[in-house]
Amino acid sequence: GVDQNQNQPGAGMEAADTAVVRLLLEHGADANACDYQRHTPLHVAISGGSDKSGSVAVVAVPTSAIDEEQRQQLQDALDESMKQVKDYDVRGPSGVLGGLRDRDPEVCARETICLAGVGGEAGVNKMVLARITKIGEQYRLDIDFFDVDERLFIKYETVENLGSANAAIKAVDPTIKTLFSIRGDKGGPIVEDKPNNQWIRP
């Protein structure tokens, strides 16, 4: 019989193709080149070639700059903002939050090996971590997108010089939009060159 998928773009994409994409990028391929669905090589590499990019835990990290009520407000804002992000199986914080609390959350949230251990125990592929810290009288919001299997930060965004923890919580939605290249009410990925968001290997 005839395989009706053989002429479909992306048909037969295997996880092994991810290695080819990475090899091409390492040898100078245009990282901003897009396929017919506007996916860049990075989109393909982190998704393993599939339409769904795995399970993502969304976690507001406990820090000394905020109390538990503010952490929950941060979690709620993060959960709401992540509804705009397509192609991921977005999960709550439960397994990851417990794992972070069993360790030092502020330290673990910045260390790739610790995060990979927590994510592995929770059974997730990726994590979106939001942290509010305080430097002097100013607050800072960091949102990191972390790949558990590869043990690397895929992307990150930071908003500094915020006047309060509430200002940091309000900054979550625009920061998620920037992190995942979402613009306007239509959503969806927009291909942009983001030289400040480099992959960081352990």
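## A salt bridge to start with

With a relative accessibility of 37%, Arg-91 counts as partly exposed. To count as a salt bridge, a side-chain nitrogen of Lys or Arg must be within 4 Å of a carboxyl oxygen of Asp or Glu.

Before going on, a word on where all this comes from. This is a predicted model, in which local features need pLDDT of at least 70 and side-chain atom pairs count only at pLDDT 80 or more, while totals for chains, interfaces and linings use all residues. Residues are numbered from 1 along each chain as its sequence is written, and side-chain values use heavy atoms, with hydrogens and water left out.

## The overall layout

Zoom out, and you'll find eight helices and five strands in the chain. Here, helices (H or I, at least four residues) and strands (E, at least two) are DSSP runs, numbered from the N terminus. Going along the sequence, the order is α-α-β-α-β-α-α-α-β-β-β-α-α. The chain has 202 residues, and 41% of them count as buried.

How many salt bridges does the structure hold? There are nine. One of them pairs Arg-131 with Asp-144, at 3.0 Å from N to O. Arg-131 belongs to strand 3 (residues 126–135) and Asp-144 to strand 4 (residues 138–147), so this pair ties together parts that are 13 residues apart in sequence. Both Arg-131 and Asp-144 are buried.

Another salt bridge joins Lys-177 and Asp-173, with 3.3 Å between the closest N and O atoms. These two are four residues apart in helix 8 (residues 172–179), which puts about one helical turn between them. Lys-177 is partly exposed at 26% relative accessibility, and Asp-173 is partly exposed at 27%. There's also a network of salt bridges, linking Glu-68, Arg-71 and Arg-101.

Helix 3 covers residues 68–82, which makes 15 residues. From its first C-alpha to its last, helix 3 reaches 21 Å, close to the 21 Å expected at 1.5 Å a residue. (The expected span is 1.5 Å times one less than the number of residues.) Where helix 3 starts, a side-chain oxygen of Asp-67 comes to within 3.1 Å of the backbone nitrogen of Glu-69.

Which residues of helix 3 are buried? They are Arg-71, Leu-74, Gln-75, Ala-77, Leu-78, Ser-81 and Met-82. Looking down the axis of helix 3, you'd see these buried residues fall within an arc of 165°, so they line one face of the helix. The arc is taken from the directions that run from the helix axis to the C-beta atoms.

## Two nonpolar cores

A nonpolar core is a set of buried Ala, Val, Leu, Ile, Met, Phe, Trp, Tyr and Cys residues joined through side-chain atoms within 4.5 Å. The largest one here has 30 residues, and those with the most contacts inside it are Leu-74, Val-128, Leu-141, Ile-143, Ile-176 and Phe-180. At least two residues of this core come from each of strand 1 (55–60), helix 3, strand 3, strand 4, strand 5 (152–162), helix 7 (165–170) and helix 8. In soluble globular proteins, nonpolar side chains tend to be buried together.

## The disulfide

The structure holds one disulfide, meaning a pair of cysteine sulfur atoms within 2.5 Å. It joins Cys-108 to Cys-114, at 2.0 Å from S to S. The torsion about this S-S bond is about -105°, so the disulfide is left-handed. Cys-108 is buried with a relative accessible area of 1%, and Cys-114 is buried at 18%.

## Two loops

Ser-164 sits in the loop between strand 5 and helix 7 and is partly exposed, at 28%. Its C-alpha is 5.9 Å from that of Tyr-139, although the two residues are 25 apart along the chain.

Gly-136 is in the loop between strand 3 and strand 4. Buried or exposed? Gly-136 counts as exposed, at 57% relative accessibility.

Note on methods
Buried < 20%, exposed > 50% of the residue type's maximum accessible area, 1.4 Å probe, protein only. Polar contact = N/O pair within 3.5 Å; in protein donor to acceptor, adjacent residues only side chain to side chain.
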